[in-house]
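Please look over the sequence and the model shown here, and then read the report that follows.

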Amino acid sequence: MVCGGFQCSKNALIALNSLYIIVALILIIVPSVAKTQAYVSSLYIVGGIIACGIFLMFVAIIGLVGAAKHHQVCLFFYMVILFLVFLIQFSVSIACLSLGDNQRQGLIEKSWNSASESTLNDIQRSLHNGNGCCNLYTNVTAHPDIQTVPCEGLPCCEGNATCPKCPQCFDKLDFLWENGLHISGGVGLFFSFTELVGVYLAVRYRNQKDPRANPSAFL
């Protein structure tokens, strides 16, 4: 049977949503393990990633049910939800790839100010290969609106209470954010096109007739 046929559309939809289920399981399991092993201390980050995984799992299950049973209602809601997700993900991915230096700095500062003290302590200890960094900027007085946290006990302090040898965290965070935004933007852009493919397959499959069904039946 040609690839444009009923069975091919069905198999393609099942394969695509099976991939989405695998990705959803990764989004659910990995943050849970990271939280258990204390790699990530923020419950908001872990909860947000798990929520995205659960939502993706829900959409994929709708797609699988619609594909397996040729269910018109499931396929309709599936393609509507998937198209909305495509619009949001495509827009966010483009924004990540086009973010400028000043905009990225503003996001880093807002994220730093909104983070809890325990989260900032984890960040300070983890940067620079575990040697640590002290606060977002070295010159604290020049940035009075930026949150500060104690730096005593960091490896870079070397027992000195003022930690003169500790670098500021902004330079490393800016490098990580730049790479992270480019990677996440590229991956998000790639997956947004798979969602567009899913919408196309769902629309085509929904309007096809099952050759095993009554030929006179309209689907």
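## Salt-bridge network

Asp101, Arg104 and Asp174 are linked in a network of salt bridges, a salt bridge being a side-chain nitrogen of Lys or Arg within 4 Å of a carboxyl oxygen of Asp or Glu. The model is a predicted one, in which local features need pLDDT of at least 70 and side-chain atom pairs count only at pLDDT 80 or more, while totals for chains, interfaces and linings use all residues. Residues are numbered from 1 along each chain as its sequence is written, and side-chain values use heavy atoms, with hydrogens and water left out.

The structure holds two salt bridges. In one of them Asp101 pairs with Arg104, with the closest N and O atoms 2.9 Å apart; because these residues stand three apart in helix H4 (residues 101-114), about one helical turn separates them. Helices are DSSP runs of H or I with at least four residues, and strands are runs of E with at least two, numbered from the N terminus. Arg104 also forms a salt bridge with Asp174, where the closest N and O atoms are 2.8 Å apart. This pair links distant parts of the chain, since Arg104 lies in helix H4 and Asp174 in helix H6, 70 residues apart.

## Disulfides

A disulfide is taken as a pair of cysteine sulfur atoms within 2.5 Å, and by this rule the count comes to three. Cys133 and Cys169 form one, with sulfur atoms 2.0 Å apart, and with 100° about the S-S bond this link is right-handed. Both cysteines lie in the loop between H5 and H6, 36 residues apart, and both Cys133 and Cys169 are buried.

The disulfide of Cys134 and Cys151 has its sulfur atoms 1.9 Å apart, and it is right-handed because the torsion about its S-S bond is about 85°. Both of its cysteines lie in the loop between H5 and H6, so the pair ties together parts that are 17 residues apart in sequence; Cys134 and Cys151 are both buried. Cys156 is joined to Cys166 with an S to S distance of 1.9 Å, and the torsion of about 95° makes this disulfide right-handed. Its two cysteines, in the loop between H5 and H6, are 10 residues apart, and both Cys156 and Cys166 are buried.

Helix H3 (residues 72-98) has 27 residues and should span 39 Å at 1.5 Å a residue, which agrees with the 39 Å between its end C-alpha atoms; the expected span is 1.5 Å times one less than the number of residues. Its buried residues include Cys74, Tyr78 and Phe86, and Cys96 counts as buried at 17% relative accessibility.

A nonpolar patch on the surface, among whose members are Val73, Phe90, Phe193 and Leu196, has about 980 Å² of accessible area together. H3 supplies the largest share, 10 residues, including Phe90, which counts as partly exposed at 30% relative accessibility. Patches are made of residues with over 30% relative accessible area and no salt bridge, with like charges joined within 9 Å and nonpolar side chains (Val, Leu, Ile, Met, Phe, Trp, Tyr) within 5 Å; accessible areas come from the Shrake-Rupley method with a 1.4 Å probe, and for residues only the protein chains shown count as cover.

## Confidence

The chain averages a pLDDT of 83, and 87% of the residues score at least 70, where pLDDT is the predictor's confidence in each residue, from 0 to 100. Confidence is lowest in helix H5 (residues 117-126), at a mean of 82, and highest in H3, at 91.

Conventions
Buried means under 20% relative accessible area, exposed over 50%, partly exposed in between (1.4 Å probe, protein chains only).
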